[in-house]
Amino acid sequence: MTINEIQDEIIEEFSGFDDWMDKYQLLIDLGNEQPPLDEKYKIESNLIDGCQSRVWLQADYEEGKIHFSAESDALIVKGIVALLIRVFSDHTPQEILDTEIYFIDAIGLKEHLSPTRSNGLLAMVKQIRMYALAFQAKQA
């Protein structure tokens, strides 16, 4: 699946809910389905700066693709992280860098987050792109 196909799939899933309490519940459920991050990756260098809650993001580069794993100590943030991993994991650095992220606005997530959570979301996306840039540079 392409990154945009995954984004469209997420938009479709969220479009089934009109009420934001239901959407928050979906986020919480998605976060709870996420496998826990291995304790060895819960290190200072994997913490995302700019997040209100603690978010660890691990990136592994295998066979030309980046595999992301992550965890947060906050339920809704854990769901947001699960969505980001679903969108970006197991794609090439170039695919990640070329992608316009539109699912966040399309599902109305940005407008339903506090300013600090919104900043944290941007910090997570920025970190994913930084990993993609780093792995792409290593590749060259």
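Q: Two strands count as paired if DSSP finds at least two bridges between them; what makes β1 and β2 a pair?
A: In this predicted model, where local features need pLDDT of at least 70, side-chain atom pairs count only at pLDDT 80 or more, and totals for chains, interfaces and linings use all residues, strand β1 (residues 55-62) is joined to β2 by 8 bridges. Because two bridges are enough, they pair, and they run antiparallel. Leu-57, for instance, has Ala-70 in β2 as its bridge partner. Residues are numbered from 1 along each chain as its sequence is written, and side-chain values use heavy atoms, with hydrogens and water left out.

Q: What lies between β1 and β2?
A: The two strands form a hairpin with 2 residues between them. Glu-63 in this turn has a positive phi of about 50°.

Q: How are the helices and strands of the protein chain defined, and how many are there?
A: Helices (H or I, at least four residues) and strands (E, at least two) are DSSP runs, numbered from the N terminus. The protein chain has 6 helices and 2 strands, in the order α-α-β-β-α-α-α-α.

Q: Why is Ala-134 called partly exposed?
A: Buried means under 20% relative accessible area and exposed over 50%, with partly exposed in between (1.4 Å probe, protein chains only). Ala-134 has 43% relative accessibility, so it counts as partly exposed. This residue sits in helix α6 (residues 115-139).

Q: What makes strand β2 mostly covered?
A: Of the 8 residues in β2 (residues 65-72), 6 are buried.

Q: How do you know what span to expect of α6?
A: The expected span of a helix is 1.5 Å times one less than its number of residues. With 25 residues, α6 is expected to span 36 Å, and its first and last C-alpha atoms are 36 Å apart.

Q: What covers the buried residues of α6?
A: The cover includes β1, β2, α3, α4 (93-98) and α5. Among the buried residues of α6 are Leu-121, Met-124, Val-125 and Ile-128.

Q: What makes a set of residues a nonpolar core, and which residues have the most contacts inside the largest one?
A: A core consists of buried Ala, Val, Leu, Ile, Met, Phe, Trp, Tyr and Cys residues joined through side-chain atoms within 4.5 Å. The largest has 42 residues, with the most contacts at Phe-68, Leu-84, Phe-88, Phe-103, Leu-109 and Met-124. Its largest share, 9 residues, comes from α3.

How values were computed. Contact means heavy atoms within 4.5 Å.
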